Number of protein chains: 2
Amino acid sequence: MDWLEEALEAAGGDERLARQLRFVLELDRAKSVPRRTYITDGSRLESDGEHMWHVMLAGLLLAEHADEPVDPVRLALMLAVHDIVEIDAGDTFIYADADAQADKVVREKAAAERIFGLLPDDQRDTFSGLWEEFEARQTPLARMAAAIDRLLPLMMNRAVDARTWREHGIRAGQVYAVNSRIGEASSPLWSFAAAVLAAAERDGLLES
Amino acid sequence: MDWLEEALEAAGGDERLARQLRFVLELDRAKSVPRRTYITDGSRLESDGEHMWHVMLAGLLLAEHADEPVDPVRLALMLAVHDIVEIDAGDTFIYADADAQADKVVREKAAAERIFGLLPDDQRDTFSGLWEEFEARQTPLARMAAAIDRLLPLMMNRAVDARTWREHGIRAGQVYAVNSRIGEASSPLWSFAAAVLAAAERDGLLES
């Protein structure tokens with residue numbers, strides 16, 4: 001953006017500030033990445049930007065329900081950055097086939113290098129570190145983040161009568177396979193999620 | 001929501017979890033509150049949910065540019081919650097007249113009581129406290145949050161050739177009056193913002 005570079009130069013040419021502001025402007029593009037989940041008024045698909053905000057606050061509030069203790073603030077920060085790579089890589093549907101899931105890893109790694117690479121090195125390392133820990137799912141924190149990242153779409157989809165599952169022909173077996181990950185991090189959240197799913201099956205919103 | 005209450009009851013009736021999940025679902029409505037700023041692809045107005053995510057990360061990254069030291073994480077959390085009240089109160093245009101601005105205070109206070117009141121008391125106090133500190137603008141943290149909250153719309157609006165200013169007939173004097181608040185918190189960010197505005201005037205995007 002010419003106007004951005006011109007203003008940075010006119011303001012003194014601080015390269016650290018320049019890197020930060022280029023990244024901040026780049027973040028706006030996450031608002032143009034649609035997910036498969038509808039916002040609960042049903043008017044349109046949720047954007048990645050909205051999703052990261054929503055799960056970030058949910059993580060802050062629900063961290064105490066993790067089976068292994070996690071820091072609520074670090075959980076919130078992890079969730080606030082976890083889908084930034086989708087600015088380049090796009091949203092991969094959680095019910096996509098194995099080929100699409102495998103390709104996702106390659107695309108997202110390249111995206112992380114380019115996008116987080118816009119930042120000053122120390123901040124790049126902080127953001128990359130949170131994203132890599134999230135993707136690896138080897139820590140209690142990352143498992144809890146994954147649980148929150150599943151729980152909210154499940155609730156939102158139920159709030160619009162399972163529209164995403166119905167539009168994509170998603171069956172109960174697939175939904176349980178994806179969402180049982182919640183139980184790997186939080187027994188109380190999985191109890192709740194399982195109750196939502198059981199009632200959805202009973203009510204004909206989710207086919208066996 | 002009947003399905004939510006039913007699942008909470010089936011999962012054991014934990015009232016604390018119930019309050020948290022009702023609030024989390026309520027947050028989704030911030031995605032349906034449009035702001036006056038366009039997302040930078042120009043396709044639609046930004047939602048409150050997207051805005052809170054964007055300023056939250058900007059705060060985390062730019063906190064170091066505050067003239068008085070502020071905690072980056074607390075700044076990020078303040079920005080992540082600062083417009084939740086608009087779920088009930090709606091977005092008040094920063095260039096609205098004095099009557100609309102005065103009415104805003106009354107509407108937002110009632111909104112804060114209802115929405116944050118959904119939470120367990122300790123979490124309600126945390127969220128309300130961040131929001132009240134932000135609104136009062138008496139601390140370095142709150143002033144820096146206000147600066148970030150001005151800087152991003154300014155950048156985004158410039159990225160789409162000042163579309164919001166042009167659509168609403170906003171003049172340079174108004175823009176400087178609103179955005180000079182940035183300079184009350186951060187000299188480097190105001191130097192940058194002032195350079196953006198000066199170039200916009202020169203280029204005919206902002207009328208004197």
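I take the expected span of a helix as 1.5 Å times one less than its number of residues. The model I am reading is predicted.

**Entry: α3 of chain B**

With that rule I looked up α3(B), which has 15 residues. From its first C-alpha to its last, α3(B) reaches 20 Å, close to the 21 Å expected. I then checked how covered α3(B) is, and found 15 of its 15 residues buried.

**Entry: α11 of chain B**

I applied the rule to helix α11(B), residues 187-202. Its 16 residues should span 22 Å, and the end C-alpha atoms are 22 Å apart, so the two figures agree. Which residues of α11(B) are buried? I noted L189(B), W190(B), F192(B), A193(B), V196(B), L197(B) and A200(B). They cover an arc of only 160° around the axis, and therefore sit on the same side of α11(B).

What do the buried residues of α11(B) pack against? From chain A I found α1 and α2. From chain B itself I found α3 (48-62), α8 (140-159) and α10 (172-179). Just after α11(B), I marked G204(B), which takes a positive phi of about 80°.

**Entry: the contact between the chains**

I looked up how the two chains meet: 47 residues of chain A are in contact with 47 residues of chain B. On the chain A side, the elements that give two or more residues are α1 (2-10), α2 (15-27), β2, α3 (48-62), α4 (72-81), α8 (140-159) and α11 (187-202). Of these, α3(A) gives the most, with 10 residues. Sorted by class, the side of chain A that touches chain B has 28 nonpolar, 11 polar and eight charged residues.

**Entry: how the copies are related**

Two copies of a chain are related by a rotation about an axis and a shift along it. Here I read a rotation of 180° with 0.0 Å of shift along the axis, which superposes chain A on chain B with an RMSD of 0.0 Å. That is the relation of a two-fold axis. I also checked whether the contact surface is shared: 100% of the contact residues of chain A recur in chain B, and the same surface serves both copies.

**Entry: the hairpin in each chain**

I started with strand β1 (residues 34-38) of chain A, where four of the five residues are buried. β1(A) runs antiparallel to strand β2 (residues 45-47) of chain A, and two bridges join them. Which residue of β2(A) is the bridge partner of Y38(A)? I found L45(A).

I repeated the look-up in chain B. Four of the five residues of β1(B) are buried, so this strand is largely enclosed by the rest of the structure. β1(B) and β2(B) pair in the antiparallel sense over two bridges. Y38(B) has L45(B) as its bridge partner. Six residues lie between β1(B) and β2(B) in the hairpin, and G42(B) in the turn has a positive phi of about 75°.

Most residues other than glycine have a negative phi. I looked up two exceptions in chain B.

R137(B) has a phi near 55°, a positive value in a residue other than glycine. I placed R137(B) in the loop between α7 (121-136) and α8 of chain B. Is R137(B) buried or partly exposed? I count it as partly exposed, because 14 other C-beta atoms lie within 10 Å, and buried needs 20 or more.

A162(B) is not a glycine either, yet has a positive phi of about 65°. A162(B) lies in the loop between α8 and α9 (163-168) of chain B. I count A162(B) as buried, because 20 other C-beta atoms lie within 10 Å.

**Entry: L205 of chain A**

Last, I looked up L205(A), which lies in the segment after α11 of chain A. L205(A) is partly exposed, because it has 19 other C-beta atoms within 10 Å. Which residues does L205(A) contact, leaving aside its neighbours within four places in sequence? I found D161(A), A162(A) and A200(A). D161(A) is 44 residues from L205(A) along the chain, and their C-alpha atoms are separated by 6.7 Å.

Definitions and conventions: Residues are numbered from 1 along each chain as its sequence is written. Chains are lettered from A and ligands numbered from 1 in the order in which they are written. This is a predicted model: local features need pLDDT of at least 70, side-chain atom pairs count only at pLDDT 80 or more; totals for chains, interfaces and linings use all residues. A residue is buried if 20 or more other C-beta atoms lie within 10 Å of its own, exposed if 12 or fewer, and partly exposed in between; C-beta atoms are placed from the backbone. Two strands pair if DSSP finds at least two bridges between them. Two residues are in contact if their C-beta atoms, placed from the backbone, lie within 7 Å. Ala, Val, Leu, Ile, Met, Phe, Trp, Tyr, Cys and Pro count as nonpolar, Asp, Glu, Lys and Arg as charged, and the others, Gly among them, as polar. Copies are superposed by least squares on the C-alpha atoms of residues with pLDDT of at least 70 in both. The arc is that of the directions from the helix axis to the C-beta atoms.
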